[in-house]
Amino acid sequence: MARGQAARVGGEYVVGYLDGQPAGCTGWFSIGGIARFRHVFTAPAFRGRGVATSLIHYLQHHPGVEACDELAILVGEDGPGELYEQLGFREAMLFWEAKHPPR
């Protein structure tokens with residue numbers, strides 16, 4: 001089964017380009033007054049060049065996101081927490097994952 005949530009939750013996807021090439025992507029949607037990032041990804045060849053920072057800044061200032069009460073990003077333990085702190089985010093909860101869901 002394959003099912004997308006984009007039509008149900010709205011928001012948008014954003015692709016960032018650097019030197020004319022797609023370098024990263026992200027997206028957002030909102031539920032209950034909270035805008036949430038879909039993901040933040042930078043292609044390995046473009047990491048360390050400000051791509052993720054630019055994408056996050058773009059969404060932080062997007063009118064649809066600014067109309068919400070909060071902006072959240074879900075990050076695993078190996079995510080760039082320092083970057084998110086520099087961009088004004090704070091740790092609000094733990095993120096748990098199951099590598100292999102119970103059967």
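In what order do the four strands form the open sheet? The order is 1-2-3-4, and the pairing is mixed. Strand 1 and strand 4 (70–72) stand at the edges with a single partner strand each, so one side of each has no neighbour in the sheet. From one strand to the next the twist averages 25 degrees.

The model is predicted: local features need pLDDT of at least 70, side-chain atom pairs count only at pLDDT 80 or more, and totals for chains, interfaces and linings use all residues. Residues are numbered from 1 along each chain as its sequence is written, and side-chain values use heavy atoms, with hydrogens and water left out.

Helices (H or I, at least four residues) and strands (E, at least two) are DSSP runs numbered from the N terminus. Two strands pair if DSSP finds at least two bridges between them. The pairings are listed below.

| Strands | Sense | Bridges |
|---|---|---|
| Strand 1 (residues 12–18) and strand 2 (residues 21–31) | antiparallel | seven bridges |
| Strand 2 and strand 3 (residues 34–42) | antiparallel | eight bridges |
| Strand 3 and strand 4 | parallel | three bridges |

Strand 1 and strand 2 form a hairpin with two residues between the strands, where Asp19 takes a positive phi near 55 degrees. Along this pairing, Tyr17 has Pro22 of strand 2 as its bridge partner, and Gly16 stands opposite Gly24 in strand 2.

Gly24 also faces the next strand, standing opposite Thr42 in strand 3. Further along strand 3, Phe37 is the bridge partner of Trp28. The hairpin of strand 2 and strand 3 again has two residues between the strands, and Gly32 in the turn has a positive phi of about 60 degrees.

Helix 2 (residues 51–60) lies across strand 1, strand 2, strand 3 and strand 4, and runs at about 35 degrees to strand 2. Contact means heavy atoms within 4.5 Å. Axes are lines fitted to C-alpha atoms, for helices over the stretch in contact, and angles run from 0 to 180 degrees between N-to-C directions.
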